[in-house]
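Dear colleague,

I am handing over the structure that you will find just below, and after it I set out what was found. Please read the notes with the structure open beside you.

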Amino acid sequence: MKVLAWTVSALIGLATASPMQVTPGGPEDIIITEENTLNATTIATFAPVRILAASGGQLPLALVNNLASSNVHAYVTGLDPNGQLVMLKPDGSWYYPTSTSSGIPVAITENVAIPLGAEGTTKTITLPGYISSGRVYFADGTLKFYTVQAATGATSLVEPSAVNPSDPSANVNWGFIELTNTAAGGIYVNLSFVDFVGLPLGITLTDTSGGKNEARGLVTDAVEQICSELTQQAKTDGQPWDELCMYSSNGQPLRALSPYNYLAGLSNSAFSSYWTSYIDQVWAYYTRNKLTINTQAAAGLVSCSVTSGVLYCDGDNRGYAKPTASDIFGCNAGPFAIQGGDNSVHYAVVPRLCAAFHRSTFLIAGGSTQPAVSSSRYYLADPTNWYSSIVHDFQIDGRGYAFPYDDVTPTGGQDTSGLLATTQPKLLTVYIGGDC
């Protein structure tokens with residue numbers, strides 16, 4: 001195994017079927033990608049617990065089990081202020097994973113599974129210090145984490161993969177929230193379905209003034225309903241929406257992958273012509289008409305138009321060629337890749353262009369300004385990102401990232417991203433298995 005040198009393309013070629021049933025394997029079946037690793041940024045040469053004791057950032061987590069199971073566990077992963085990998089132990093202390101030079105991922109044997117108790121109970125535990133690039137995983141069962149050594153000598157955490165049907169944790173129903181809590185920036189926490197839909201979760205963030213913000217997450221049987229809708233959509237347009245779904249060893253819907261993860265990990269030729277006609281129509285329309293990008297920043301309203309097959313925007317340091325399906329679903333390649341030297345206008349235009357493709361709002365009334373139309377008008381034109389549309393349909397309040405730039409919102413419009421933030425956090429509550 002070539003540790004940490006693989007990309008998501010290493011997964012391409014895995015056998016796919018509809019429905020796809022998982023077949024969990026061992027460490028030798030793990031495929032290491034950028035998507036399922038968290039890398040320490042420094043090599044530990046200090047006494048971590050002593051340094052963190054004075055750093056502040058203690059944050060209580062209230063974990064509410066609404067799932068009809070007494071086998072639910074939580075796992076906390078992230079980086080401490082020194083760039084070291086940490087996982088939270090059931091006693092509320094940090095565990096610092098280490099690695100060896102073994103080419104095969106080595107299982108973490110430390111007890112890092114936090115039991116939640118029976119349905120209806122709340123487990124409260126406190127993060128002992130600031131954390132960045134954090135995730136709180138929840139599983140109906142137990143997840144397996146591993147370490148490998150990066151070329152720098154630092155430790156890399158290998159996390160469960162939703163894409164690999166032979167991952168050791170493949171048969172477990174799991175999901176996660178993302179969080180960063182720093183002294184300088186406060187806390188940012190979100191529900192993300194950019195990678196996949198799994199165990200239903202909801203979040204509430206309370207600040208020290210008593211203010212609350214919430215993203216209520218998915219309905220209890222969201223995976224079953226989403227897979228049913230995706231299967232119906234596949235019958236309607238002939239695209240492999242149904243193949244986004246993975247099924248457990250007993251044949252039950254387990255999770256639904258995002259189109260980008262499906263393309264990158266399982267079938268790089270899928271959806272290849274899905275957006276072609278729409279892209280051609282958009283380019284043709286904005287050859288004759290002006291597209292206005294509201295940067296919602298200092299640049300204000302930026303005028304764009306297509307010339308010689310490339311979309312150019314005033315003040316932007318470079319133009320935009322026609323994207324591919326993979327470019328659209330991932331928002332991070334082709335014309336949507338951010339490069340060193342790109343200016344503030346480019347940074348503002350990229351997310352607004354990609355969001356408009358996902359939501360299919362370029363050619364509807366009012367679509368000549370992006371972002372501008374209300375969320376009630378997203379996903380009404382065809383083609384569209386049906387995964388994103390369907391995921392939002394089964395969110396109780398419509399909030400939770402379903403693609404990378406789902407936080408693009410018209411000024412004063414409804415937030416569909418599910419991002420919660422405050423500089424003075426008091427309590428983060430997570431609801432597992434249903435409504436807040």
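**Surface and overall build**

The accessible surface of the chain comes to about 16900 Å², and 49% of that belongs to carbon and sulfur atoms; accessible areas here come from the Shrake-Rupley method with a 1.4 Å probe, and for residues only the protein chains shown count as cover. Please keep in mind that this is a predicted model, in which local features need pLDDT of at least 70 and side-chain atom pairs count only at pLDDT 80 or more, while totals for chains, interfaces and linings use all residues. Residues are numbered from 1 along each chain as its sequence is written, and side-chain values use heavy atoms, with hydrogens and water left out.

The chain has 7 helices and 25 strands, where helices (H or I, at least four residues) and strands (E, at least two) are DSSP runs numbered from the N terminus. Its C-alpha trace spans about 65 × 45 × 45 Å along the principal axes. The radius of gyration, taken over C-alpha atoms, is 22 Å, which agrees with the value near 22 Å that a compact globule of 436 residues would have; the globule rule is 2.2 Å times the number of residues to the power 0.38. Of the 436 residues, 54% are buried, and buried means under 20% relative accessible area, with exposed over 50% and partly exposed in between (1.4 Å probe, protein chains only). Among contacts in the chain with a separation of 6 or more, 72% come from residues 24 or more positions apart, a contact being heavy atoms within 4.5 Å.

**Disulfides**

A search of the whole structure finds 3 disulfides, each defined as a pair of cysteine sulfur atoms within 2.5 Å. With bonded cysteines counted along the chain, they follow the pattern 1-2, 3-4, 5-6.

Cys227 and Cys245 form a disulfide with their sulfur atoms 2.2 Å apart. This pair links distant parts of the chain, since Cys227 lies in helix H2 (residues 222-237) and Cys245 in strand S18 (residues 245-247), 18 residues apart. The link of Cys227 and Cys245 is left-handed, with -115° about the S-S bond. Cys227 counts as buried at 2% relative accessibility, and Cys245 is likewise buried, with a relative accessible area of 0%.

In the disulfide of Cys304 and Cys313 the sulfur atoms are 2.2 Å apart, and the torsion about the S-S bond is about 110°, so this disulfide is right-handed. Cys304 is buried at 1% relative accessibility, and Cys313 is buried at 6%.

Cys331 is joined to Cys354 by a disulfide with an S to S distance of 2.1 Å. Here too the pair links distant parts of the chain, with Cys331 in the loop between helix H5 (325-330) and helix H6 (344-359) and Cys354 in helix H6, 23 residues apart. With -95° about the S-S bond, the link of Cys331 and Cys354 is left-handed. Cys331 is buried, at 3% relative accessible area, as is Cys354, at 0%.

**Strands around S11**

Strand S11 (residues 146-149) pairs with strand S7 (residues 106-107) in the antiparallel sense over 2 bridges, two strands being paired if DSSP finds at least two bridges between them. Tyr146 in S11 is the bridge partner of Ala107. S11 also pairs with strand S12 (residues 155-158), in the antiparallel sense and over 4 bridges, and Val148 stands opposite Ser156 in S12. The hairpin of S11 and S12 has 5 residues between the strands, and in this hairpin Gly153 takes a positive phi near 95°.
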